[in-house]
Structure formats: C-alpha cells, structure tokens
Amino acid sequence: KFKCAYCNFPVLGVKGDYGRHMDNAELQLRDAHDRFGVTQYLISDETFNDRTEKITKIADMVETLNFRPFFASHIRADLLIARPHEREELLRMNFIGHFYGVETFHPKAAKIIGKGMDPEKVKAGLLELKEYFSARGPYRGSVGIVVGLPHETKETITKSQEWLNKNWNGQSFAVYPLIIPSLEL
C-alpha cells in the first residue's frame, strides 16, 4: 500500500483488500492447533497494520477460536502511533510481537526515505506503545534502524543507538546496513 524511497517490493501502491478470506484463515489456524498444537504465528505481511479494517476482521475471527494464538509481524510504528484505536484491536487478536521498521531517528534522512512522522514523535510514540502493550501482558517490540541513509553520520547512528539502549531496554533493536548504489535523492 505504501511507497518508500528505497523499496523494491513489486506490489506497491495497491488499494483494496487483497488479504485472505477469514473462513480459510480460521480453518488453517484451527487445523494447525488441533493436529499439531500450534499457537504461535509469524505473519508474512510487509505492513500488517496498513488498514484498521483488516486488523478488526482478523481480531473478530481470532475471538471465535477455542485457543489463544500469539501473532508477530512487521507493523508500522507511525501508523500505530497515529491510530491509537488499533491497539485494542491488536490485543483482541493477541498480536503482541511487533517489528517496527523505524529506519532512522534523523529528521532529514527520514524525510528523504518517505517517513512522514517527526522522529521525536516516533520516539515518544514508541515509549507509549511499549508501556501500553507491556502493561497488558507479554509484549515483544523490535526496532529496525538502517545505516547508510543520506544525512546519517556515525555520530547520529551512535546517538540513536544510545537512545535505544537507554529507553528501549527489555525489548530489542537491530541496526541493518543499507547500500544504495548511486541513488539520487
């Protein structure tokens, strides 16, 4: 649905619902649980929270199950910060493993790659999300930071890492190198 400046995902800018039918998903979850005891799922979705309606649809289905699954996936922190009503929907489906592709806390680098939310607002939002979900049970939040973006320096990356070490304790973060050959931004 979204277009980032460096993404090469072939299905960008799609509109509408291209997700699974919930009857089919429910059947698969029940079968995996009943036959093999599976309760933990990693959802393959480039942006799980692209639409509130999708989260609600899945949460409604999950509440019909006779077991409590655990879900984890990539989720956009900026969207979850801007749409706090989605938090309860995520809890209803026990979606408590979040991977936030933050990429950068540097304002100019964020703007270049299409991250619209002010990085200071993202930091404050991450702390709020951590507090909100941790207070309601087990939660795992992971933050991904990219090294190699325009305007980032060793010092700004170090500053981001220091902020994460101080404020994101108990959760995880990873720093990923990104090499962009001759990309004009």
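**Entry 1: Asp 45**

I began with Asp 45, which I found in the loop between β1 and α2 (52–62). Helices (H or I, at least four residues) and strands (E, at least two) are DSSP runs, numbered from the N terminus. This is a predicted model, where local features need pLDDT of at least 70, side-chain atom pairs count only at pLDDT 80 or more, and totals for chains, interfaces and linings use all residues. Residues are numbered from 1 along each chain as its sequence is written, and side-chain values use heavy atoms, with hydrogens and water left out.

Is Asp 45 buried or exposed? I get a relative accessible area of 19%, so Asp 45 is buried. The scale I use is buried under 20% relative accessible area, exposed over 50% and partly exposed in between, with a 1.4 Å probe and protein chains only.

Next I looked up the surroundings. The side chain of Asp 45 reaches the backbone nitrogen of Thr 47 at 3.1 Å. Leaving aside residues up to four places away in sequence, Asp 45 touches Lys 54, Ser 73 and His 74; contact here means heavy atoms within 4.5 Å.

**Entry 2: the sheet**

I then traced the strands. Five of them form an open sheet in the order β1-β2-β3-β4-β5, and the pairing is parallel. Two strands pair if DSSP finds at least two bridges between them. β1 (40–42) and β5 (172–177) stand at the edges with a single partner strand each, so one side of each is left without a neighbour in the sheet. On average, neighbouring strands of this sheet are turned by 15° against each other, direction ignored. For such angles, axes are lines fitted to C-alpha atoms, for helices over the stretch in contact, and the values run from 0 to 180 degrees between N-to-C directions.

My bridge notes, pair by pair:

- β1 pairs with β2 (residues 70–74) over three bridges, and Tyr 41 stands opposite Phe 71 in β2.
- β2 and β3 share four bridges; Ala 72 stands opposite Gly 97 in β3.
- β3 and β4 share six bridges, and the partner of His 98 in β4 is Gly 141.

I also checked the cover on β3. Eight of its nine residues are buried. Helix α6 (residues 119–134) lies across β3 (95–103) and β4 (140–147), and runs at about 170° to β3.

**Entry 3: aromatic rings**

How many aromatic pairs does the structure hold? I find six. Rings of Phe, Tyr and Trp (its six-membered ring) pair if their centres lie within 6.5 Å, with planes under 30 degrees apart counted as stacked, over 60 as edge-to-face and the rest as tilted.

For Phe 48 and Phe 95 the ring centres are 4.5 Å apart and the planes stand at 20°, so the pair is stacked. Phe 48 lies in the loop between β1 and α2 and Phe 95 in strand β3, so the pair ties together parts that are 47 residues apart in sequence. Phe 48 counts as buried at 1% relative accessibility, and Phe 95 is buried at 0%.

Tyr 132 and Phe 133 have ring centres 5.1 Å apart and planes at 80°, so I log this pair as edge-to-face. Tyr 132 and Phe 133 are both buried, and together with Tyr 139 they form one aromatic cluster.

Last, I looked for charges over the ring of Tyr 132. The charged end of Arg 87 sits over this ring, 5.6 Å from its centre. Arg 136 lies over the face of Tyr 132 too, at 3.7 Å from the ring centre. The test is NZ of Lys or CZ of Arg within 6 Å of the ring centre and within 35 degrees of the ring normal.

Technical notes. Polar contact = N/O pair within 3.5 Å; in protein donor to acceptor, adjacent residues only side chain to side chain.
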